[in-house]
Amino acid sequence: MSGEIPGGVLAACDLDGTLIYSSAALHRAGHLPAPAHSGDALVCVEHYHTQPWSYLSARAARYATELARTALVVPATTRTPAQYARIQLPGPAPRYAVCSNGAHLLRDGVPDPGWHREIRRRVRASAAPLPEVCAYLQHALHPEWPITLRVAEQLFCYLVSSHGWSPPAAWIHDLTHWAQARGWALSATGRKVHLVPAALTKSAAITALAHRTQARLVLAAGDSLLDLDMLRQADAAIHPAHGELAAIGWSHPTVTRTRSRGIAAGAEILHWLRARATPQQ
Ligand SMILES: [Mg+2]
């Protein structure tokens, strides 16, 4: 498998809020109409119900194509495999991907069943059952709040708010402590609050894949608390100046932060990854 990695470099990249940005996220950041505002055209990478849904910048698209020549680019996302399948990144389709926050390790679009069984075993052994978490949330959510509870693959759950509304910070704070005491982790980004078993991590899947492919250098990029382990465990990593990690002022000696924010940070991240993945002459 080592021959699959150009130069032995594995670049694990979160997608939403790191490389790609939904229409809603662009509106929030004041990036639409983007071509006039940012001076860098948008490339649509996802359609949902026939509508254009997610984008990266043209500069980011060029860097992504170049990065794929010198590194094994591995999208690492909390999206389920079905949600991930909607995305068409520039350049050749990534050979590997991590979906459902680490529950699925995909090769050529096909999940590894052995990995998935092992993750379900780890989650059962260390976290309160999903129905207990959902029941607590149903009780804790105020009926008038414009927020919807969704369950992904009977593994984890997330809340989706209507545009322009977020749960109170104190409520999130209390829910975080409730979840942590039961082996769960919470991440609040944009319109979504994810509740994920703490044993369900992107970092575990990336570490396993790096071992399988005999990577000599692991790079990573991500914007949320669900990416923190992956960034910390990489040899070098980067996170955007916007997002959950930036908001809490998180830093780590091997993790750098972009100068730019919003969709421009996606291009800066890919430029940074490309520079580190390119062999020095
Ligand atoms: Mg993200």
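Q: What percentage of the 281 residues in the protein do buried residues make up?
A: The model is a predicted one. A residue counts as buried when its relative accessible area is under 20%. By that cut-off, 53% of the 281 residues are buried.

Q: How many helices and strands are there in the protein?
A: The protein has eleven helices and 15 strands. Its radius of gyration is 18 Å, close to the 19 Å that the globule rule gives for 281 residues, so the protein is as compact as a globular protein of that length. The C-alpha trace spans about 60 × 45 × 40 Å along the principal axes.

Q: Among contacts between residues at least 6 apart in sequence, what percentage join residues at least 24 apart?
A: A contact means heavy atoms within 4.5 Å. Of the contacts between residues at least 6 apart in sequence, 57% join residues at least 24 apart.

Q: Which residues coordinate the magnesium ion?
A: A donor is an N, O or S atom within 2.8 Å of the metal, for a metal such as this one. Here Asp-14 (OD), Asp-16 (O) and Asp-223 (OD) coordinate the magnesium ion at 2.2 Å. Along the chain, the donors follow the spacing D-x1-D-x206-D.

Q: Where in the chain are Asp-14 and Asp-223?
A: Asp-14 is in the loop between strand 1 (9-13) and strand 2 (21-22). Asp-223 is in the loop between strand 13 (217-221) and helix 9 (228-233). The two are 209 residues apart, and the pair links distant parts of the chain.

Q: Are Asp-14 and Asp-223 buried or exposed?
A: Both Asp-14 and Asp-223 are buried.

Methods. Residues numbered from 1 in each chain as written. Predicted model: local features only at pLDDT ≥ 70, side-chain atom pairs only at ≥ 80, totals over all residues. Heavy atoms only, no water. Helix = DSSP H or I, 4+ residues; strand = E, 2+ residues; numbered from the N terminus. Rg over C-alpha atoms; globule rule 2.2 N^0.38 Å. Buried < 20%, exposed > 50% of the residue type's maximum accessible area, 1.4 Å probe, protein only. Donors = N, O, S within 2.8 Å, 3.2 Å for Na, K, Ca; no water.
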